[in-house]
Amino acid sequence: MSSIVLFGPPGAGKGTQAERIMISTGLPQVSTGDMLRAAVKEQTPTGLEAKGYMEAGQLVPDSIIIELIRQRIKLPDAIDGVMFDGFPRTIPQAEALAEITDVTHVIAIEVPDEKIVERICGRYSCSNCGLVFHETFNPVPESGCTCGNFEEKRRADDNQDTVLSRLSAYHEQTSPLAEWYDNLGIFHRIDGDRAIDLISTDILEALGN
Ligand code: ADP
Ligand code: ADP
């Protein structure tokens, strides 16, 4: 089993790119953020524990995240590997991941901090199909969402205050992973401050697709 990691600050475009490259890579997207939001909604023990951290824009403890991933990669669709989105976010998470799968590429989507706030604060999604949009940069088409049943949803943590905490968590706890993966020779930097399609093309090239 070999996997890909999409790496980058909150709002860099990891989910947007995962959606677009999934067909080419043939690997399912595994987003710890999506899994945690589902757990919060269902009020599972994991969700109840994670909720406060997420609302405060802090990272959820490693033990919770690592257990979620261990369970997720046992599912049949993960047999050939997965595309991680938003995981790992700490060195202990990366260490745990190295024990369970062979990471072949880490794709770092780079976007300057000053662009992150507008990306996050303008984000919304279709609650019916989960597709992510942006009120200015990537709005839902006038003809409607491709699922045909658009309903706007905003994330509780996509606000100006939380985004600053999420950015500092990224710089303090997650960005050290860049050096860790760079040393392994599998780290690919992609300029994420461009049109969505150009970024997808570069990611696929880095993946050798
Ligand atoms: P992440 O998964 O890294 O948090 P998202 O994929 O949800 O990021 O993108 C964050 C927001 O930025 C969304 O509203 C998305 O539509 C928008 N977005 C994604 N990529 C770009 C881009 N290249 N240029 C402008 N906006 C983008
Ligand atoms: P973003 O758009 O910030 O990349 P995510 O959907 O990936 O958002 O994550 C939302 C929140 O879920 C994070 O702010 C954090 O509280 C929690 N979270 C998601 N993935 C992880 C992880 N790998 N480690 C710790 N916390 C996580």
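1. Let's start with the pair α2 and α3, where the crossing is left-handed. Please keep in mind throughout that this is a predicted model. Helix α2 covers residues 32-42 and helix α3 covers residues 45-56; their axes are 8 Å apart and the packing angle is about 115°. Angles of 65 to 115 degrees count as roughly perpendicular, and α2 and α3 are therefore described as roughly perpendicular to each other.

2. Which residues of α2 and α3 meet? From α2 come Gly 33, Leu 36, Arg 37, Ala 39 and Val 40. Their partners in α3 are Thr 46, Gly 47, Ala 50, Lys 51 and Met 54. Sorted by class, this contact of α2 with α3 holds 5 nonpolar, 3 polar and 2 charged residues.

3. Besides taking part in the contact of α2 with α3, Arg 37 places a polar side-chain atom 2.9 Å from an oxygen atom of ligand 2. Arg 37 is also listed among the closest residues to that ligand, together with Thr 32, Gln 58, Arg 89 and Gln 93. In total, 20 residues surround ligand 2.

4. Two further polar contacts to ligand 2 are worth checking on your screen. Arg 155 has a polar side-chain atom 3.1 Å from an oxygen atom of the ligand. At Gly 86, a backbone N or O atom lies 3.0 Å from a nitrogen atom of ligand 2.

5. Now for the other ligand. Ligand 1 is surrounded by 19 residues, the closest being Lys 14, Thr 16, Arg 123, Phe 133 and Arg 194. A polar side-chain atom of Arg 123 sits 2.6 Å from an oxygen atom of ligand 1. For Lys 14, a polar backbone atom is 2.8 Å from an oxygen atom of this ligand. Asn 138 contributes a polar side-chain atom at 3.4 Å from an oxygen atom of ligand 1.

6. Next, α4 and α5. How do the axes of helix α4 (residues 62-72) and helix α5 (residues 91-100) cross? They come within 10 Å and cross at roughly 20°, which makes α4 roughly parallel to α5. The crossing is right-handed. On the α4 side, the contact is made by Asp 62, Ile 65, Ile 66, Ile 69 and Arg 70, and on the α5 side by Pro 92, Gln 93, Ala 96 and Ile 100. These divide into 6 nonpolar, 1 polar and 2 charged residues.

7. Helix α6 (residues 113-121) packs with helix α7 (residues 160-174) at an angle of about 135°, with axes 10 Å apart. The two are therefore oblique to each other, and α6 passes α7 in a right-handed crossing. Asp 113, Ile 116, Val 117, Ile 120 and Cys 121 of α6 meet Gln 160, Val 163, Leu 164, Arg 166, Leu 167 and His 171 of α7. By class, that contact has 7 nonpolar, 2 polar and 2 charged residues.

8. Finally, have a look at Leu 59, in the loop between α3 and α4. Leu 59 and Ala 169 are 110 residues apart in sequence, yet their C-alpha atoms are 6.9 Å apart in space. Setting aside neighbours within four places in sequence, Leu 59 is in contact with Tyr 53, Arg 89, Thr 90, Ala 169, Gln 173 and Thr 174.

Methods. Residues numbered from 1 in each chain as written. Chains lettered and ligands numbered in written order. Predicted model: local features only at pLDDT ≥ 70, side-chain atom pairs only at ≥ 80, totals over all residues. Heavy atoms only, no water. Axes fitted to C-alpha atoms, helices over the stretch in contact; angles between N-to-C directions. Helix = DSSP H or I, 4+ residues; strand = E, 2+ residues; numbered from the N terminus. Parallel < 35°, antiparallel > 145°, perpendicular 65-115°, else oblique. Left-handed = near helix turned anticlockwise from the far one by under 90°. Contact = heavy atoms within 4.5 Å. Nonpolar A, V, L, I, M, F, W, Y, C, P; charged D, E, K, R; others polar. Near = heavy atom within 4 Å. Polar contact = N/O pair within 3.5 Å; in protein donor to acceptor, adjacent residues only side chain to side chain.
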